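Open the model in your viewer and have the selection tool ready. We will go from stop to stop, and at each one you will hear what to select and what is there.

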Amino acid sequence: MIRLFDDTFYSEYNTRLVRGDDEPVYLPADQSCPYHRVVYAHGFFASALHEIAHWCIAGETRRNQVDYGYWYTPDGRDEEQQKAFEQVEVKPQAIEWAFSIACDFKFNFSLDNLNGAPADILGFQSAVANELSQMLNYGFPKRAQQFIDVLRANYFPDAIVRPLTRAQRQINEMTQRYSLPLERS
């Protein structure tokens with residue numbers, strides 16, 4: 001994964017994927033390191049996919065700030081904090097799901113709040129599924145599409161033949177299993 005990310009993005013974006021020992025974080029280049037770092041947690045494959053998804057949607061200004069300039073309230077969020085967290089997680093988790101499909105890896109939704117206020121799990125899953133459906137219909141952000149193509153070619157080359165068919169089938173199975181409504185615009 002590290003090699004694929006670096007081969008795809010390092011020369012153009014001066015950014016590397018780095019295995020971390022603790023919590024994930026994005027670190028822009030600074031005096032101690034000449035390149036930007038997408039640091040994923042504990043060497044977990046799913047964490048790498050998720051952190052890359054965040055990076056793929058961050059604009060240039062955000063990519064020059066630690067953790068893209070976003071706030072993060074750890075596990076134990078109250079209801080208002082959890083809703084704010086979910087709103088900023090829909091798009092990255094939709095892209096992470098697409099990455100997972102592209103490399104034939106199981107995707108898991110993450111509300112990341114085990115010790116906080118109860119979350120609307122089905123509502124969040126529906127929002128992520130709808131976002132993925134929209135991206136499948138109207139296109140992914142440029143860097144996300146680049147990485148989807150790289151993942152498909154390296155992890156699951158059969159998906160290149162019919163990439164959307166497999167993804168759409170997974171979305172349909174998810175919506176049927178959880179009775180998730182998919183909004184159409």
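## First stop: His36

Select His36, which counts as buried because its relative accessibility is 13%. Keep in mind during the tour that this is a predicted model. His36 belongs to strand 3, residues 36-40. Now show its surroundings: leaving aside residues up to four places away in sequence, His36 touches Tyr13, Asn14, Thr15, Arg16, Tyr26, Leu27, Pro28, Ala29, Arg63 and Asn64.

## Stepping back

Zoom out and colour by secondary structure. The protein chain has six helices and three strands, and from the N terminus on they run α-β-β-β-α-α-α-α-α. Of its 185 residues, 44% are buried.

## Salt bridges

Side chains of opposite charge can pair when their charged atoms come close. How many salt bridges does the count come to? The count comes to seven, and we will visit some of them.

Start with Arg16, one of the residues that His36 touches. Arg16 forms a salt bridge with Asp6, and their closest N and O atoms are 3.3 Å apart. This pair links distant parts of the chain, with Arg16 in strand 1 and Asp6 in helix 1, 10 residues apart. Arg16 is partly exposed because its relative accessibility is 26%, whereas Asp6, at 15%, is buried.

Next, select Asp7 and Arg3. They form a salt bridge with 3.5 Å between the closest N and O atoms. Both residues lie in helix 1 (residues 2-13), four residues apart, or about one turn of the helix. Are Asp7 and Arg3 buried or exposed? Both are exposed.

Then move to Arg152 and Asp149, whose side chains meet in a salt bridge at 3.1 Å, N to O. They are about one helical turn apart because three residues separate them in helix 5 (residues 142-155). Arg152 is buried at 13% relative accessibility, while Asp149 is partly exposed at 37%.

## Two surface patches

Select Tyr70, Trp71, Tyr72 and Val88 to see a nonpolar patch on the surface, with about 430 Å² of accessible area together. Val88 sits in helix 3 (residues 79-102) and is partly exposed, at 40% relative accessibility.

Finish with Asp22, Glu23, Asp75 and Asp112, which form a negative surface patch. Glu23 is in the loop between strand 1 (15-19) and strand 2 (25-27), and its 53% relative accessibility makes it exposed.

Notes. Residues numbered from 1 in each chain as written. Predicted model: local features only at pLDDT ≥ 70, side-chain atom pairs only at ≥ 80, totals over all residues. Heavy atoms only, no water. Patch = residues over 30% accessible without salt bridge, like charges linked within 9 Å, V, L, I, M, F, W, Y side chains within 5 Å. Areas by Shrake-Rupley, 256 points an atom, 1.4 Å probe, with all protein chains shown as cover. Salt bridge = Lys/Arg side-chain N within 4 Å of Asp/Glu carboxyl O. Helix = DSSP H or I, 4+ residues; strand = E, 2+ residues; numbered from the N terminus. Buried < 20%, exposed > 50% of the residue type's maximum accessible area, 1.4 Å probe, protein only. Lys, Arg positive; Asp, Glu negative; His and termini not counted. Charge placed at Lys NZ, Arg CZ, Asp CG, Glu CD. Contact = heavy atoms within 4.5 Å.
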